[in-house]
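Visitor: Can you walk me through this one? I'd like the fold before anything else.
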Amino acid sequence: NAELLAGRLYEASTRLKREILVIASSDFSHFLTPEDGKQKDALILEKIKVLDSPEIERLIRKHSVSICGYGPIMTLIEFSMLESTNIEVDILKIGHSGEIIPSNEVVDYASILFSGQKVD
């Protein structure tokens with residue numbers, strides 16, 4: 001589905017001769033200890049950095065990672081690969097809700113920027 005949606009977005013961008021900015025929004029691990037969430041999220045963040053959306057889905061299912069918006073993340077990866085060359089993935093910030101209100105059960109967050117040269 002991510003490949004299909006990314007392809008449709010790319011086709012629309014090409015047909016309309018307009019650039020599209022894709023934003024994917026998702027929490028990462030939910031209601032785990034900060035340590036457990038960090039460990040599970042690291043598995044997925046490593047695959048995001050190398051643009052491996054099929055492996056993201058496989059690891060989420062295998063390790064029961066509670067990233068609720070992994071479909072949009074995978075679509076962003078697939079669209080980026082159609083739209084750009086030399087894609088850079090920068091992890092801008094990683095944190096969790098316990099940093100604001102101390103808790104042993106937190107929700108994790110990550111800000112990630114994808115950038116690259118447009119394919120001609």
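Guide: A term to begin with: contact means heavy atoms within 4.5 Å. Axes are lines fitted to C-alpha atoms, for helices over the stretch in contact, and angles run from 0 to 180 degrees between N-to-C directions. Helices (H or I, at least four residues) and strands (E, at least two) are DSSP runs, numbered from the N terminus. This is a predicted model, where local features need pLDDT of at least 70, side-chain atom pairs count only at pLDDT 80 or more, and totals for chains, interfaces and linings use all residues. Residues are numbered from 1 along each chain as its sequence is written, and side-chain values use heavy atoms, with hydrogens and water left out.

Visitor: OK, what order do the elements come in?
Guide: From the N terminus the protein runs α-β-α-α-α-β-β.

Visitor: And in what order do the strands sit in the sheet?
Guide: The order is S1-S3-S2, in an open sheet with antiparallel pairing. Strands pair if DSSP finds at least two bridges between them. S1 (30–32) and S2 (84–96) each have a single partner strand, so one side of each has no neighbour in the sheet.

Visitor: How many bridges join S2 to S3?
Guide: 10 bridges join S2 to S3, residues 106–118. Thr85 stands opposite Gln117 in S3.

Visitor: Which strands does H4 touch?
Guide: Helix H4 (residues 70–83) packs on the sheet and touches S2 and S3, its direction making about 150 degrees with that of S2.

Visitor: What about H2, which strands does that lie across?
Guide: Helix H2, residues 34–49, lies across S1, S2 and S3, at about 15 degrees to S3.
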